[in-house]
Amino acid sequence: MTHLIQAKALCKKFGQKTVLDHLDFSLEAGEPIALIGPNGAGKTTLFSLLCGYLSPSSGQIEILGHKPGSDSLFGRVSALPQDAQLDPNFSVQTQLEFYGRLQGMNKNTAKAETARVLALVDLAENGQQKATALSHGMRKRVAIAQALLGQPELVMLDEPTAGLDPVNAMQVRKLIAQLSGEATFVISSHNIFELERLCGTVLYLENGRLQQQQPSYQQGAAGYLALQLEQGDSHKVLALLAQLAGVQKVEQLQKNEYGLFYDRELCPDMDLTVLAMLRTEGLAYRQLTQGRSLEQQLFSVVNG
Amino acid sequence: MPNFPALASHCVLLARFELYRLIGSPRGWFALGAFAVIWYFLLRYPIFEASVQLQQPDIQGMLGRVFGMVGLYNLLNWPVAELSVYWLITVLLLPLVAVLTSADQTAGDRSRGTLRFLTLRTSRTAIVLGRFAGQMLVQALLVLLSLLATLALAWWRLGSLPLAAVEHALIVWLNLLIVLAPFTAMMALCSALVRSSKLAISLAIVGSGVLVGLLSTLIWYQPDFLWLLQYLPGAQLPLLLGEQGWATFQHAGLPLAQTMVFLVLAWLVMKGKSL
């Protein structure tokens, strides 16, 4: 079976500095995949290897069974590369149509496809403008639009919402969610909450090594609830939560925020039990969340 | 194994886009405007005045003796004088113009990141070949326009245009493209090596100077290597000026071979480059 992406002992060095160190992973088509890691972890280098912008120092990487950058992937793989800009001498529409032609579309299809992708990123009225006349956020959206031209099977987005205002960032997230049935997205971002909402699988890179590859949703018997209250005496709340039947451990996350570990099989209705206790004690709550956040999952393992 | 039909189709698309850069963008319109002004002055003064002077028997006699000494006697035998002056000017001037105008084949796009968008859709081989073909297409158009203007000038001066002049104009056009090809391919290589057109021009000039200096030093100590100078870009130009008509194409082999070598080197550099 051909994997969407497969890396074997993948290494990338710049001089003496090892940026990616023996990465081994395979990813399948389907839900969006998150690539997470701190600054300098090697995310953009991995992206550049996947797009064929860089060659590995050693090891192998394949996309849909082909080497990145090979002719067989043209039109099947697309990307939003970080910091890449369109040619300032031509209008956005001219360039996107040209990219469409390179992807094998005829003139009319390329024109229609350009109009479609510009409309997807809410820039239908800006096609005649040059990239230099657009704001940073609009240029970013145009770059996302070029990644959606045609029918790519794999769309790689490096920091797709960086530099966008909250409204446009939300639109981009909606767009990815909406299109995730048509293509597999690989998204690199520092925004862990954004990736948590969008992605089914998470690759966590740190210091050039793959620390974790896991589904972003909770699995197994270990239950977890995150509770945020309006207010309340933390000692009293911790004691109340700890005495609930089936609770294994309680922790205070932040002010008025608590985490409960429990056995999901023994107490499948722990959320209802907690809500009943809050009502009895007259404690107003703001949020009750099933499962640990992606941030908690990643950093509780990575940082102990 | 490269997909040759796709490679050819991408090369055509990339070359046409370069032509569109000239005729479809304000930057191209400025370049065309500058081209028209420069050629107005070249046609109005050196070419027209020299063509009139070349009709004087005493001037013809003097030039015949001078050109005969340096092997350029054939320059006086062209069907119309305008073409011989045009040929003399362009064959020496246009290689330098080609170095200056074709320096940004890939450098700017790589530094801006535009090549990252392109390489998701086409191969680096197609980018090198397509951009080179595009530059040649632009040069072919501009040389053709200047040649037509030169023929129009001759027509205006003579009141008619001999058919031989049109044939010679075609020969000049093809020859100039062959002369310009290695310089344009050299700039494809320089452009692939650096990240801006200015650096590419500097690299071409300094690199050529260093190469000539090294060869001269080698020949000073080892005169047996004098033959190496025959293989430098433009080395065939003095021979070319001494020929006329279809005989000029006997010197086409060297520039075409140099073009191939430069393009292969540009492709190798581009293939190994990080984007």
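Modeller: Start with a strand pair. Strand S1 (residues 5-14) of chain A and S4(A) run antiparallel and are joined by five bridges. Strands here are DSSP runs of E, at least two residues long, and helices are runs of H or I, at least four long, all numbered from the N terminus. Two strands count as paired if DSSP finds at least two bridges between them. This is a predicted model: local features need pLDDT of at least 70, side-chain atom pairs count only at pLDDT 80 or more, and totals for chains, interfaces and linings use all residues. Residues are numbered from 1 along each chain as its sequence is written, while chains are lettered from A and ligands numbered from 1 in the order in which they are written.

Two pairs place S1(A) against S4(A). A:Gln6 has A:Glu62 as its bridge partner in S4(A). A:Cys11 stands opposite A:Ser58.

Now turn to S2(A). Seven bridges join S1(A) to S2(A), again antiparallel. A:Lys12 stands opposite A:Leu20 of S2(A). The hairpin of S1(A) and S2(A) has two residues between the strands. There, A:Gly15 takes a positive phi near 65°.

Axes are lines fitted to C-alpha atoms, for helices over the stretch in contact, and angles run from 0 to 180 degrees between N-to-C directions.

Step back to the whole chain. Chain A is divided into domain 1 (1-73 + 152-160 + 182-215), domain 2 (77-151) and domain 3 (222-302). These bounds come from an automatic or database domain assignment. The centres of domain 1 and domain 2 of chain A, taken over C-alpha atoms, are 24 Å apart. Across their boundary, 12 residues of domain 1 are in contact with 11 residues of domain 2. Contact means that the C-beta atoms of two residues, placed from the backbone, lie within 7 Å. On the domain 1 side, helix H1 (43-51) and strand S6 (154-158) of chain A each supply at least two residues. S6(A) gives the most, with five. By class, that side has nine nonpolar, one polar and two charged residues. Ala, Val, Leu, Ile, Met, Phe, Trp, Tyr, Cys and Pro count as nonpolar, Asp, Glu, Lys and Arg as charged, and the others, Gly among them, as polar.

Four strands form it, open and antiparallel, in the order S11-S12-S10-S13. Strand S11 (247-254) and strand S13 (285-290) of chain A stand at the edges with a single partner strand each, so one side of each has no neighbour in the sheet. Its neighbouring strands are turned by 20° against each other on average, direction ignored. S11(A) is joined to strand S12 (residues 257-263) of chain A by six bridges, and the two run antiparallel. A:Gln252 has A:Tyr258 of S12(A) as its bridge partner. Helix H7 (residues 234-242) of chain A packs on this sheet, touching strand S10 (222-229), S11 and S12 of chain A. The direction of H7(A) makes about 155° with that of S11(A).

Chain A also meets chain B. There, 25 residues of chain A are in contact with 21 residues of chain B. Strand S5 (77-80) and helix H2 (92-102) are the elements of chain A that give two or more residues to its side. H2(A) gives the most, with four. The residues on the chain A side divide into 13 nonpolar, eight polar and four charged.

Finish inside chain B. Helix H4 (residues 81-101) and helix H7 (residues 124-158) of chain B pack at about 155°, with their axes 11 Å apart. H4(B) and H7(B) are therefore roughly antiparallel, a word used for angles over 145 degrees. B:Glu82, B:Leu83, B:Tyr86 and B:Ala98 in H4(B) meet B:Gln139, B:Thr150, B:Leu153 and B:Ala154 in H7(B). This contact of H4(B) with H7(B) has five nonpolar, two polar and one charged residues.

Notes
Parallel < 35°, antiparallel > 145°, perpendicular 65-115°, else oblique.
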